[in-house]
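Please look over the model shown here.

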Amino acid sequence: MSLYRKLLKEATVLKRAKKFNEACLKLQEAYSHCEGEYWTIGEKLRLPAYLELAGRPSEALEAYYKLLGEYRNIR
């Protein structure tokens, strides 16, 4: 299993334990290791969703806009 996948699983475990801020940090770490990996948009949408759960709505919105900007030109 790649480091990216391992970190995604760890983030999910943290989210289930309601450690939302730690899960957000783990996702950010995972994203830094996704080069060359196949990932889904659902995996990228986890961070904004986890930020919402952590009570950080402005950061969640910023993360959504960042994703929109990254994928706007892919058509």
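## A buried lysine

Lys-26 is buried, at 19% relative accessible area. The cut-off for that label is under 20%. This is a predicted model.

Lys-26 forms a salt bridge with Glu-10, with 3.1 Å between the closest N and O atoms. The pair links distant parts of the chain. Lys-26 belongs to helix α2 and Glu-10 to helix α1, 16 residues apart.

## Salt bridges

How many salt bridges does the structure hold? It holds five. Side chains of opposite charge can pair when their charged atoms come close.

Glu-10 also meets the side chain of Lys-6 in a salt bridge, 2.6 Å from N to O. Both residues lie in helix α1, four residues apart, so about one helical turn separates them. Glu-10 counts as partly exposed, at 23% relative accessibility. Lys-6 is partly exposed too, at 41%.

Arg-56 forms a salt bridge with Glu-59. Their closest N and O atoms are 2.7 Å apart. Arg-56 is partly exposed, with a relative accessible area of 23%. Glu-59 is partly exposed at 35%. Which residues do shared partners join into one network? Lys-6, Glu-10, Lys-26 and Glu-29 are joined in this way by salt bridges.

## Helix α4

Helix α4 covers residues 46-53. Its buried residues are Leu-47, Pro-48, Tyr-50 and Leu-51. Seen down the axis of α4, they fall within an arc of 165°, so they line one face of the helix.

What do these buried residues pack against? Their partners are α1 (3-16), α2 (20-31), α3 (41-44) and α5 (57-71). Gly-55 follows α4. The phi of Gly-55 is positive, near 80°.

## Aromatic rings

How many aromatic pairs does a search of the whole structure find? The search finds zero.

Lys-44 does sit over rings. It lies over the face of Tyr-31, at 4.5 Å from the ring centre. The charged end of Lys-44 is also placed over the ring of Trp-39, at 4.9 Å from its centre.

Notes:
Residues numbered from 1 in each chain as written. Predicted model: local features only at pLDDT ≥ 70, side-chain atom pairs only at ≥ 80, totals over all residues. Heavy atoms only, no water. Phe/Tyr/Trp six-rings, centres within 6.5 Å; stacked < 30°, edge-to-face > 60°. Lys NZ or Arg CZ within 6 Å of the ring centre and 35° of its normal. Buried < 20%, exposed > 50% of the residue type's maximum accessible area, 1.4 Å probe, protein only. Helix = DSSP H or I, 4+ residues; strand = E, 2+ residues; numbered from the N terminus. Arc of directions from axis to C-beta. Contact = heavy atoms within 4.5 Å. Salt bridge = Lys/Arg side-chain N within 4 Å of Asp/Glu carboxyl O.
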